Structure formats: structure tokens, C-alpha cells
Amino acid sequence: MDRRPGPSVRLKLALSYAGFLAVAGALLLAVVWVFLLRYVPDNSQGLLGVSPNRYLLVRTFFPAAAVAMAFLLVFGLAGGWILAGRMLAPLTRIRDAARQAGSGSLSHRIRMRGRRDEFRELSDAFDSMLGQLESHVAEQQRFAANASHELRTPLAISRALLDVAREDPGGDRDELVERLHTVNTRAIELTEALLLLGRGDRGTFTREGVDLSLLAEEAAETLLPLAEQRRITLDVTGGAAPVEGSAELLLRMVTNLVQNAVVHNLPGDGTVTVRTGTHGDTSVLRVENTGLPVPSELVPALTEPFRRGTERVRADGHAGVGLGLAIVQSIVRAHDGTLLLAPRPDGGLLVTVRLPAGPRPPGSGGNFPGPGRNLGG
């Protein structure tokens, strides 16, 4: 924004300080006049017949007072300029850091020393903001690079298939169409996942009353064929878990968690348990599955985009796009909730989602445990 040039804050503070001293000196002179000089008789004999009189006192006092006032004004300007410079020095460092951040350098930190005051609190808040911005920008850059790579892969495969078909016109066209359909489907799924991830990050959706227990049952019904194909038992238990949010996004969150639990499971005879309920003013969703042990150092990276957890067991033919838990994290964050992933001692993963509870439906229970439904095996 273009602004007209004006006096600096340092000059304003110096003038204010000098003006304050001048006013204080004028008030002191007024006090001397009101409470001292005006009581001195203005005659040739002075007070009690002893000289000097008021005329002589005024003639002697006011020149010295004028010199003192001029000294106060100069001293106020010089002292105010120096003091203002010292007081505003931290603000200058913050300004320089802000300019560096504006030019794209987010690694710079102020790290102002000294005891806590307003400027140092501002400095600490600015350093914290820079740290968050740097982390967010790095995450976005990494995400953009990964997304470009993931989107380029199906396009490159499609081009390779078309090149092969052009060089071999007598090839099997049905097989080519099937392969192109598979690659195109994967590209569409990835694009839709990226759009959903961006929508969750923005948090632009209409909030309404939603029951996580109903969403859990709907997700389990949808994924039942997948669970039966892999001989996985789905068990939905618990009571009502009302929240305020987007039914579409929350259903996607539950579906992703259940699908992730089915896919990353034992090759056969595994289980997935979905539990819902409320604890105080929090609605809770827990998804637990069997499987091989998950390394603890791998758990924090599972919610990062395109981190598929290659050390985990997954069913053949289900490559995924690497955004399942990243989308869950985005939706949970958009609904002011928390997501906790913990490896089970016997193998598998326990995922806990906590969201602010909404209005409870009439006649609902909501505490763990509750009646369950066995949906597959």
C-alpha cells in the first residue's frame, strides 16, 4: 500500500517527551507564581520592610526561568530522541524480520533476549508465526511435488499404452481399453482425493447435526463386500455420537478409516472394530484393526499425503492414492477435533477421533460400550 511520507514514530515520541517536559516546567513556574511571588508586596520596601520586592524578584527570577525552560526543551528533545531510539530498537528488528519474510525468507528468527515485555511478546509471537508459516509452506511444496508426481504417473502410463498401440495396430484393443480405463480411474480417484483434501483444509462447509454411529454403520455396509472378499470381520459397536459438521465430509472420514483398517489387515481372518460414543462434551470414534505390528516411528508419518506406509500389510490389487489418512486428518482438523493413531501391541492400529459433541438425539445413550453389529467374516 502506497502511503504519504510522514514523521517517524521516534520523532513523535521525542517531541512528545520534550513537550511534556516543557508543560511540566510551565506548571512549576505557575506554582511558584501562584504560591510564592504573588504574596510578595509590590512596593519599594518589599516584604516586612526588607528588600527585594516583587518587581526585583520577578526581574531576577524570570530570565533564569526562561533559560531553564529552553534547557528543558533541548534536553527533552535530545533525551526523548535517544530514549525513543532505545525503546523502538526491538520494533526495528521486528520490522526487518517482517520484510525478510515478505521477500520469501521464512527461516529468519528474531529471538529477542531479555525479560518479557510487550515488544518481546510480539517478537515471540512473530517467531512462532514464522515457524508455522515455514512449516506450512514446506508442507505445501512437498505436497505439490508429490501430487505432480502422482498425477504424472497415470498420464505417463496412458501415453506409453497409446504409443504401444500406435506402433502395433494389430494389438488387442480390448486389453488396451481395459488398461486405459484402469489408469484413468486411478487418475480420477487421485484428483477427487486432492479436491476433497483441499476442501477439508479450507473448512468451507455447512454445519449440521450428524451422528457418527449412523455414519459408521453406513460406511460398514458400503465396505462389507470388500471385507468379505478379504475375509475380514467388521464389528460396529457403541452408542450415539452427535457432532456438528458436514455429513458428506464426516462420512468420507469414517469410510476412509474403515477402508484403511480393512486394507491394512491380515491376509485373512482379520477383524475391524468400530466404536462410537460420547465422553463428556466430546464425541469419540474409534477404529481398531488386526494386522502385523506397526513400527512406532512410522505412525507419525501415516497422516502425511502420499505416505502409504509400505511396511504395513495390504491386500493385493488395492494400491490406493496415499491420501486416506491425510484426508481424515484434514477433515478432523476442519471440525476442530483431534486424531490419534496408536499401534496395537498385538499388531494393527488403533485410530481415535475426538470431535466436539453436538446436540444429543432424544433417548440416545452414547457411552462405551454398547450393542454391536457383526457385519462380515
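**A glycine in a loop and its surroundings**

Apart from its neighbours within four places in sequence, G347 is in contact (heavy atoms within 4.5 Å) with N289, T290, G291, L292 and P293. This glycine lies in the loop between β6 (338–343) and β7 (349–356); helices (H or I, at least four residues) and strands (E, at least two) are DSSP runs, numbered from the N terminus. With a relative accessible area of 0%, G347 is buried, a word used for residues under 20%, while exposed means over 50% and partly exposed lies in between (1.4 Å probe, protein chains only). N265 is 82 residues away from G347 along the chain, and the C-alpha atoms of the two are separated by 9.1 Å.

The structure is predicted, so local features need pLDDT of at least 70 and side-chain atom pairs count only at pLDDT 80 or more, whereas totals for chains, interfaces and linings use all residues. Residues are numbered from 1 along each chain as its sequence is written, and side-chain values use heavy atoms, with hydrogens and water left out. The mean pLDDT, the predictor's confidence in each residue from 0 to 100, is 79 for the chain, and 79% of the residues reach 70 or more. Over residues 310–319 the pLDDT falls below 50, and this stretch has 26 contacts in the model beyond near neighbours in sequence.

Seven helices and eight strands are found in the chain. Of its 377 residues, 37% are buried. Strand β2 (residues 232–238) is largely enclosed by the rest of the structure, because six of its seven residues are buried. β2 runs parallel to strand β4 (residues 270–279), and seven bridges join the two; strands pair if DSSP finds at least two bridges between them. Within this pairing, D235 stands opposite T273 in β4.

The surface tells another part of the story. A nonpolar patch there is formed by L11, L15, L73, L77, W81 and I82, which together have about 520 Å² of accessible area (Shrake-Rupley method with a 1.4 Å probe; for residues, only the protein chains shown count as cover). Helix α2 gives the most to the nonpolar patch, with four residues. I82 is found in α2 and counts as exposed, because its relative accessibility is 52%.

Note on methods: Patches are made of residues with over 30% relative accessible area and no salt bridge: like charges are joined within 9 Å, nonpolar side chains (Val, Leu, Ile, Met, Phe, Trp, Tyr) within 5 Å. A salt bridge is a side-chain nitrogen of Lys or Arg within 4 Å of a carboxyl oxygen of Asp or Glu.
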